[in-house]
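Subject: Handing over a structure, with notes

Dear colleague,

I am passing on the structure below, and I would be glad if you could look it over with the notes that come after it.

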Amino acid sequence: MTRARKSRIPQPLWTVALTATSIALWTAWLGWDQHRDVHPDGSTTGPYEPWQVIGLALTLLLPVCWAAYRRHSLAATLGTPLGLAIASFYDWSDDDSGLFVIGVGLVVAGSLVGCLVVTALVRGMFGMEEGGERGSRV
C-alpha cells in the first residue's frame, strides 16, 4: 500500500486559495453579466443564463476535487462556499429590498452541500481516510 501524500501547504492556505479561486471564477462566469433580459410580454429573467451557472459549477469541481484528493477535506468543503458567499454578497448588495441576503444564504447552503458530496465522493473513490492510507484495490 502506498501512503496518501498530504501536501506541505497548511490547511488554512488551501482554504484561502479555494476562497480566492471561487471569487475569481464567480467574476469570470457571472460578474460581467449585470442586466436583466426583458421579454416581449414584459417579464424579466436573469441576469444570469443557465450556461453561466453550469459553467461556474463545473469549473469549481476541479479545485474542490483536487483539495479533497490532497486530503484537505475541510478546505475543500469550506473554501468554495466562503468564496461564493463573498462574491455573491458583493455582486448582489446593491439590491435595495435586502432580499439579496436570502439569495446569498441559498448560494452558501447549496455550495456547502455540493462540496460535501463531492469531497465525500472523491475521498470514497480513492479509499482515503483522513489520518490513514489509501485502500488497496485488488
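This is a predicted model: local features need pLDDT of at least 70, side-chain atom pairs count only at pLDDT 80 or more; totals for chains, interfaces and linings use all residues.

Residues are numbered from 1 along each chain as its sequence is written, and side-chain values use heavy atoms, with hydrogens and water left out.

Overall layout

The chain has four helices and two strands, and along the sequence these follow the pattern α-β-β-α-α-α; helices (H or I, at least four residues) and strands (E, at least two) are DSSP runs, numbered from the N terminus. Of the 138 residues of the chain, 35% count as buried, where buried means under 20% relative accessible area, exposed means over 50%, and partly exposed lies in between (1.4 Å probe, protein chains only). The accessible surface of the chain comes to about 8,500 Å², and 70% of this belongs to carbon and sulfur atoms; the areas come from the Shrake-Rupley method with a 1.4 Å probe, and for residues only the protein chains shown count as cover. Among contacts (heavy atoms within 4.5 Å) between residues at least 6 apart in sequence, 65% join residues at least 24 apart.

Nonpolar cores

A nonpolar core is taken here as a set of buried Ala, Val, Leu, Ile, Met, Phe, Trp, Tyr and Cys residues joined through side-chain atoms within 4.5 Å. The largest one has 10 residues in all, namely Trp14, Leu18, Val64, Ala67, Ala68, Ala75, Ala76, Cys115, Val118 and Val122. The elements that give two or more residues to this core are α1, α2, α3 and α4. Apart from it lies another core, of nine residues, which has Leu25, Trp26, Leu60 and Ala87 among its members.

Leaving aside neighbours within four places in sequence, Ala76 is in contact with Leu18, Val64, Ala67, Ala68, Cys115 and Thr119. Ala76 and Leu18 are 58 residues apart in sequence, yet their C-alpha atoms are 7.3 Å apart in space.

Aromatic pairs

A search of the whole structure finds seven aromatic pairs; rings of Phe, Tyr and Trp (its six-membered ring) pair if their centres lie within 6.5 Å, and planes under 30 degrees apart count as stacked, over 60 as edge-to-face and the rest as tilted. The rings of Trp29 and Trp51 have their centres 6.4 Å apart and their planes at 70 degrees, so this pair is edge-to-face. The pair links distant parts of the chain, with Trp29 in helix α1 (residues 11–31) and Trp51 in helix α2, 22 residues apart. Trp29 counts as partly exposed, because its relative accessibility is 23%.

The rings of Phe89 and Phe100 have their centres 5.2 Å apart and their planes at 65 degrees, so this pair is edge-to-face. Phe89 lies in helix α3 (residues 73–92) and Phe100 in helix α4 (residues 100–125), so the pair ties together parts that are 11 residues apart in sequence. Phe89 counts as partly exposed at 44% relative accessibility, whereas Phe100 is buried, with a relative accessible area of 13%. Ring pairs also link Trp26, Tyr48 and Trp92 into a cluster.

Single residues

Arg71, found in the loop between α2 and α3, has a positive phi of about 70 degrees although it is not a glycine. Arg71 counts as buried at 9% relative accessibility.

Ser111 lies in helix α4 and is buried, with a relative accessible area of 12%. Leaving aside neighbours within four places in sequence, Ser111 is in contact with Pro81 and Leu84; Ser111 and Thr80, which are 31 residues apart in sequence, are 7.2 Å apart in space, C-alpha to C-alpha.

Gln34 lies in the loop between α1 and β1 (37–38) and is partly exposed, with a relative accessible area of 44%. Leaving aside neighbours within four places in sequence, Gln34 is in contact with Pro47 and Asp91.

With kind regards
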